[in-house]
Each structure stands twice: as C-alpha cells, then as structure tokens.
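Let's take a walk through this structure, one piece at a time. Have the sequence and the 3D view ready, and follow along.

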Amino acid sequence: EWPETGRLALYLLGLRATCPPPDPGPQRSLVTWLKYYLEEDWAGSRRHGHPLTSYYQYSLGVLALCVHHKRVREEVIRRLLVAEEHGKFRHASGGTVDTEAVAALAFTCLERERLVGARLAAELRAATREVRRRMVKAQGQDGFFGNIYSTPWAMQVFIATNMCRTQPAYGRAMAALLENLDAFTTAATMAQALPALHGRSYLDIASMRCREELDTLMPISPEPLPERPGNKTVQLVVEYPELRCPQCRLYNQPVPVPTDASVLDVLRAAAAQGPHNFTFDTQDTSQGPFLSRVLGLEARRQKRRYWQLLTAPSTSLQMGVAEYRPRDGETLILRLSEW
C-alpha cells in the first residue's frame, strides 16, 4: 500500500490543535507511524529522486512531527532542503507555491523548536528567505500567491516568519482572500484559510497551552440552498496526450446538466447518457472527491499521473470536481498528465 504521509500528517496537526487527552499512548503510536511513512515514502522511490507521494505530503509529514516536538533525522530534512535548492517541487500544472510554503513552514518550525543544529538551522533560514522572496516576486495581479488555495499557505509563511506586517504583498493577498471566501467550501480548504485570516500559522499549534474550557459548540442544521432552475450544456473532452492527434481526444460530447451542476455532476450526466459509454471513478480524500479513473485509464501515483482539469483552451483549474461549476457553453477538458 502507498504511504499515507499527507493524510496522517494532517490528522496529527488537527489532533494537536484540539488539545488531546494527557495520555500520550495513541499519539506516540501515530507519530511512530508517520516517521515510518516518511521513510517508506522516500525509500520506495530512491531511483526516481522524489518521494512516492509528493514533496507536498513529505513536507507536511516533517511539519507535523516538528509541531509534536519530535526530532527528525538530518537526512530526512536535507532531502527537502536539496529539493528546494534545485527546484524539484514543480509539477505538470506549474504550481509550486503550496509545496514551497509547507516546506518553508517545516524549516521554520525545526529552527524555532531548536530541533536541528546551528549550521543546519542557518541553511533552513536561508532557504525560507529564498522561498519568501520567490513568493513576493510571483504574486499575481489578482493578489494571489499561485492561486487562491495556495495563498493561505503562503500567507502562513509570512506570519510564521514575522514578515506579515512589513511585507506589502501580504496585505494584497489578505485583501484578495477576503473577497473570495466563498471559494473555500470543504473542511480541508477552510482549515488552510482560517489560521491565516486570524493572523496565525500551523506553527502556533506547537506552542499552544491547552486548558479546560466549556464546550460552547452547538450543532446547527444548515438551511437548504435555494434551487436554481434552468439548464446548461457543457462540452466534455477527455484527452490522452500519449496518443497522437486527433486520436488523443478519447471523448468529445456535449452534456446537458442543471444550471448549478458541478464538474462531478457533469461526469455523472455523461455516464448516464448513451450511447457513448463514458465511465469514471473517484476516490474520497480529505480534499474532496479525487478523479482516479476515466474511460478505464487510471491516474497512478506509481507513474506520477493524474487527471488534470482544464477549461478550453488550456486554463488549469485549481478547484476540485465537486467544487467547480462550469458555465453554459464552457468546454471542460480532462487530461491525463504527469507531475
């Protein structure tokens, strides 16, 4: 089975933030598993020069261990440091901000918690400064660092390194984030945005002082969203670039759906309409449904392949299949890509 590095790291970060019971037994077991996953994540793919999962998940693992005040072998840290120095975080869609930000948070945590020696701490500081410099340089006209979902990660770097008050780029990012809060619709994306909105970073979890508090959380039943009548038609295209054109387009059909339909609804409608035999599968993840198979072609981590979601002609979408709602007449492209 593949290492669950990222999922377990996020769970441990959340567990620490909720002030778990004093009994350290269950936590110790999970931390041990995370250390094991980090080793497996790397050892299984030494010949490829990258983790089995991704540098993003690998960085999350190092960050979670640091937040739990657990030492990490220097070799584990240097793998990330070397990858950052040689620009190995890039993937098919071109975005690196979220990965660089998580790595920078891990570097800052290791230095702050004094879990590394003075020489390595100096290298980590220098790497974090370089990441921060690239983020400022790459900030878009819309105020985002990379895209709306990587922006909270980048903002946490400025917060953790005490640069949020003196860096104008941070203020522009905060203004852009406040104008687009409706884009954060899943628990995972909200968990990334909320700390930044309150001027906090995940590193603050490490210094929390837990104390008894009354439980004031009251469950509420959300009001149903009003129905939006009407229909739209979305052109659905499936591309397999390894085949030469025009055969690279395995599917190209109009799909009628309700006006408020998401990409996932479009895929379901395409599978229900004949006679084109459209098929797909998804996997549940902490970020929502993950598109794992289309027309029998699987997105396999062993081959570093994933189904990239684009709008014609070549705009890569940063939202998941359950979040993005295409417009009437829009062309959606599912492209089997590599990272």
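**Helices that cross, sheets that pair**

Start with a pair of helices: α6 and α7 make a left-handed crossing, where left-handed is the label for a near helix turned anticlockwise from the far one by less than a right angle, and right-handed the label for clockwise. Helices (H or I, at least four residues) and strands (E, at least two) are DSSP runs, numbered from the N terminus. Before going on, note that this is a predicted model, in which local features need pLDDT of at least 70 and side-chain atom pairs count only at pLDDT 80 or more, while totals for chains, interfaces and linings use all residues. Residues are numbered from 1 along each chain as its sequence is written, and side-chain values use heavy atoms, with hydrogens and water left out.

Back to that pair. Helix α6 covers residues 118-138 and α7 covers residues 151-160; their axes come within 11 Å and cross at roughly 130°. Axes here are lines fitted to C-alpha atoms, for helices over the stretch in contact, and angles run from 0 to 180 degrees between N-to-C directions. The two helices are therefore oblique to each other, since angles under 35 degrees count as roughly parallel, over 145 as roughly antiparallel, 65 to 115 as roughly perpendicular and the rest as oblique. On the α6 side R132, M135 and V136 do the touching, and on the α7 side A154, V157 and F158; contact means heavy atoms within 4.5 Å. Sorted by class, that contact has 5 nonpolar, no polar and 1 charged residues. (Ala, Val, Leu, Ile, Met, Phe, Trp, Tyr, Cys and Pro count as nonpolar, Asp, Glu, Lys and Arg as charged, and the others, Gly among them, as polar.)

Now look at another helix pair. Helix α1 (residues 5-17) packs with helix α3 (residues 55-67) at an angle of about 30°, and their axes are 8 Å apart. That makes α1 roughly parallel to α3. This crossing of α1 and α3 is left-handed. The contact residues divide into 9 nonpolar, 4 polar and 2 charged.

Strands β4 and β5 form a hairpin with 2 residues between them, and L295 in the turn has a positive phi of about 50°.

Finally, step back: the protein chain has 10 helices and 8 strands.

Key:
Two strands pair if DSSP finds at least two bridges between them.
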